[in-house]
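Subject: Structure handover

Hello,

Here is the structure for you to look over. My notes follow below it.

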Amino acid sequence: MRFSEITIHNFRQYRDVHFDFPKTTSCDMHIIEASNGVGKTNLMNSVNWCLYGDEPHLSGNNEFDAHTGDRLSICNLAAFQEAKSNGESACPVFVEIKGENDEGLFVFKRTVYINVQTYTQAGADEFEVRKFPVNSDMELHTGKDGELIVDQYMPKKIREYFYFDGERLLNYLTNTESTVSKIRDSVYEIAGVNFINRSGEHLVELKKGFQKKLSALSPDLNKITKALNDADAEVATDELTIDYLTSQIKEAEAAIAEANEIINGRENTRDANEQYNNNRRIIEHHKKSLEDAKANLVEFVKRYFLRLMLYRYNKSTLDYIEEREAQNAINPEVNVSAIKDSLDRHECRLCGQSIPHDIEDELRKLLVRYESNVSLQTLIGIKSDIKRSLDIKGYEEEKEKLFNRIREIEDEITALQDKNDELWRIIERDGDLVGLDIAFRSKKELEDRKDKDIEKKGKYKVTLEEKRKKAQNLRDEYNRALNEDKKCDELRKKNAFLDRAISIVEGVKKEIIDDIKAQMQDETMSIFDELIWKKDTYGRVELDDNFRLHLFHKRTGQSCLYTCSAAEKELLALSFTIALHNVSGYDNLLFIDTPVGRVSDVNRENFAKVLLEVSQGKQIIMAFTPSEYSDEIKSVLCKPVISSYNRLTYGEDVTTINGGTYNG
Amino acid sequence: MSEIKNKTIEDKLKAATMNDAVMQDFLLAVVGNEYKTIQYSRVYNNELDKALKMLEGEVNGV
């Protein structure tokens, strides 16, 4: 979508202003020149207000603004006063934008009325979109329907990448959770990933619906399904947490590397910092050894625990057995069943002779005595096992060894940490911290945070494996139950088909994201390389999984975004934005406010050349201050190359366009 | 005809389902639906039923 006209009526300092943006040359480049306070940013605000109903470029409307203060109503003051003196009840405010793309022409218009008594808005916004499709009748869409049309072509959530505000770089380069998710979602939206993502979500919803139906058919399935869903949810949550901790650790490492670079750049702190970092590496190594030593201790305890618990009882049992053995109180081996059999028959089983009564009585007494001692016989049988269980000869030695090892490692860690505390005091004392970047001051905090995150991540990884196994077992159980229940045949087939579909969609989504990331990295670096004046400094741009930018030094390979100047960061953010447009193929304009505010004169010509080239494929509207629109810029962005030029002037609370003719 | 307004997505879906015409038709239809404002469940269910009927037809040699 490109803008062909913008009409502003009574909006802020604009009374009645009409901008034309015709494409009169091969470069769809349009320049607006205005001094500070005349209305460049409010021009961008008027576009946002028309399309989205808000003004993101006002101070206090951005999450990074330090204050939100009172602000004037959007109604132009002069128009307001005139309406009041004419006895009108309200003053109308509107912004109308005419756009065009391959599908046809569009007219977007938002109107509000400001009550002249209360100075507040009377009633709701009136928003309409008139669409003039090629070879078709005009369509009128109002209210929410109109907003849907806007969202289809210029989605609100990615508007920072259409309306680039050079003074709000934090929107592009800061690592707060909200910014990070906004950038990632923006890339997904522009690249169309959100469509396939939604399709995947809908397939999963459909599958859940079938699972519910299956569960209703079979109570067993219902139970297993619930357990499986819970297990899958736990696995998903842990995976997300591990991903988050991994990215936090990477981020901390990058920031620590940045801080090291700054500290190492100072001669009087370099050695101390090197030693400090070396000690930290050794401490990390010792911590791993400590984990292993503690794991060995746990194994040791498991091995000896039962033996130690039963030692006293086993010892007294052995003593009892040995005492009875010494007293010859142990019965000889006797064939009890043969004797009993003989007594029953009243004759000896061996010789067949009948047994006299008195001998029978003696035999019965013998049997009673014998059977009362049978428990002792049993104990004799397990005497050797009891002796083995009492063998704890190596116990004390091994215990001592393990505890000593743990103490040793802990002492070494403590000693190194003490040394590092001392080194840090030296770095702080000698490092001349005045003027250093915040990243340097927070190096210790970053290191502490990184250590905690590594520990947390380790714990999560251990439990994740167990949870995955549990989920897989439940899945197998579910499939077995499913196969056994004939009633579920049709639903089972649908489930299986959906499983395949979901897997394919996930695979395609991952491929697209990987491709986009690779292209974005290459394209961003390519454009940045053309824009930047330090040709031998920056070697590589990387985007992490959340599409956050990381910039790497050409020679050292170290991360160096934090050490870039404001101008370099601005050019990097702009390069990322243009790369996003190019890679996604998203056909929308790029409106840039204050594009070279931080870039010095000598480097502006290069900037202008690169942007001019970009404008051959896309509409670019740039709003400069007079100091920005310097001779270096004018030497490139001049008639007849650019398609339009407008200069704004301000007087008596009103901004007007002065001319529309090029004054370069 | 595919309703997917993103050539990359369309090409990748076709490549991933090159040997499975039924799955290809299904995915192109349901992903294409995401570009419209039609309620997804009706379309998805219809396409799924269609796909399974075609699969049964293939199995039965129709």
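Buried here means under 20% relative accessible area, exposed over 50%, and partly exposed in between, with a 1.4 Å probe and protein chains only. Helices (H or I, at least four residues) and strands (E, at least two) are DSSP runs, numbered from the N terminus.

This is a predicted model: local features need pLDDT of at least 70, side-chain atom pairs count only at pLDDT 80 or more, and totals for chains, interfaces and linings use all residues. Residues are numbered from 1 along each chain as its sequence is written, chains are lettered from A and ligands numbered from 1 in the order written, and side-chain values use heavy atoms, without hydrogens and water.

Helix α2 of chain A covers residues 77-85, and its buried residues are A79(A), F80(A) and A83(A). They line one face of α2(A), because they fall within an arc of 100° seen down the axis (directions run from the helix axis to the C-beta atoms). Their packing partners in chain A are β1 (2-11), β2 (14-20), β4 (90-101) and β5 (104-115); contact means heavy atoms within 4.5 Å. N76(A) caps the N-terminal end, with a side-chain oxygen 3.1 Å from the backbone nitrogen of A78(A). A polar contact is a pair of N or O atoms within 3.5 Å; within protein, one must be able to donate a hydrogen and the other to accept it, and residues adjacent in sequence count only if both atoms are side-chain atoms. After α2(A) comes G87(A), with a positive phi near 80°.

**Strand β11**

Strand β11 of chain A spans residues 590-593. L590(A) and I592(A) point one way, F591(A) and D593(A) the other, and all are buried. Strand β8 (163-165) of chain A runs parallel to β11(A), joined by three bridges; strands pair if DSSP finds at least two bridges between them. F164(A) has I592(A) as its bridge partner. β12 (620-624) of chain A is also parallel to β11(A), through four bridges. There, I621(A) stands opposite F591(A).

**Chain contact**

How much area do chains A and B bury between them? About 2,200 Å², 74% of it on carbon and sulfur atoms. Buried area is the accessible area (1.4 Å probe) that two parts lose on being put together, summed over both. K12(B), M23(B) and E34(B) supply 25% of the area that chain B buries against chain A, more than any other three residues. The contact takes 24 residues from chain B and 23 residues from chain A.

Best wishes
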